[in-house]
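This report is meant for someone meeting the structure for the first time. Please look over the sequence and the model before reading on.

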Amino acid sequence: YKEKTIFDVLNMSIDDAIEFFGKIPGKLEDKIVAKLLPLQKVGLGYLTLGQPSSTLSGGEAQRVKLASFLVLKNKSKSSLFIFDEPTTGLHFHDVKCLLIAFEELIEAGHSVLVIEHHLDVLKNVDYIIELGPNGGDGGGELIYQGTPEGLLNLKKSPTAVYLKEKLA
């Protein structure tokens with residue numbers, strides 16, 4: 001197709017495929033690009049079209065599910081989305097893309113709960129719940145709940161030390 005074999009197409013990144021199919025006017029190509037854009041929007045533009053799902057990290061798999069929901073644009077029923085460290089291994093630009101996708105969900109009336117340590121995510125949330133003071137058997141105690149700004153005044157919060165730099 002347009003001098004590309006199926007092998008060539010399957011080895012294209014999502015970003016490259018959007019550019020390739022976006023340059024070709026027509027209904028089929030528009031449908032292909034429409035299906036790929038949500039993957040790009042959640043920061044997965046670097047994945048190849050032929051990449052097996054079994055090779056995706058946990059964060060990547062979560063973002064594929066998020067992208068599939070964004071394609072549906074189902075606004076008739078509110079949902080709760082729970083993400084467990086979806087930014088793992090992401091470049092800063094891709095974290096920003098993910099935050100935009102979360103905002104789209106919220107604007108559509110959904111709720112988003114994120115278990116995360118990434119400070120760029122934490123500084124953008126409405127509400128933080130910090131558990132600790134350590135992990136495993138040394139954790140599980142409620143250290144803080146409230147806005148990110150309110151956390152900064154808490155001396156026993158390990159997160160506050162690092163978040164202070166991001167919110168300054």
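## Basis of the model

This is a predicted model, in which local features need pLDDT of at least 70 and side-chain atom pairs count only at pLDDT 80 or more, while totals for chains, interfaces and linings use all residues. Residues are numbered from 1 along each chain as its sequence is written, and side-chain values use heavy atoms, with hydrogens and water left out.

## Aromatic pairs

The structure holds six aromatic pairs, a pair being rings of Phe, Tyr and Trp (its six-membered ring) with centres within 6.5 Å, where planes under 30 degrees apart count as stacked, over 60 as edge-to-face and the rest as tilted. One of them joins Y1 and F20 edge-to-face, at 6.4 Å centre to centre and with 80° between the planes. This pair links distant parts of the chain, since Y1 lies in the segment before helix 1 (6-10) and F20 in helix 2 (residues 14-22), 19 residues apart; helices (H or I, at least four residues) and strands (E, at least two) are DSSP runs, numbered from the N terminus. Y1 is partly exposed at 44% relative accessible area, whereas F20 is buried at 16%; buried means under 20%, exposed over 50% and partly exposed in between (1.4 Å probe, protein chains only).

F69 and F81 form an edge-to-face pair as well, with 4.7 Å centre to centre and 75° between the planes. It links helix 4 (residues 58-72), which holds F69, to strand 1 (residues 80-84), which holds F81, twelve residues apart. F69 is buried at 18% relative accessible area, and F81 is buried at 13%. Together with F83 and F102, F69 and F81 form one aromatic cluster.

## A surface patch

L80, I82, L113 and I115 make a nonpolar surface patch of about 380 Å²; patch residues have over 30% relative accessible area and no salt bridge, with like charges joined within 9 Å and nonpolar side chains (Val, Leu, Ile, Met, Phe, Trp, Tyr) within 5 Å. A salt bridge is a side-chain nitrogen of Lys or Arg within 4 Å of a carboxyl oxygen of Asp or Glu, and accessible areas come from the Shrake-Rupley method with a 1.4 Å probe, where for residues only the protein chains shown count as cover. Strand 1 and strand 2 (111-115) each supply at least two residues of the patch. I82 lies in strand 1 and is exposed, with a relative accessible area of 53%.
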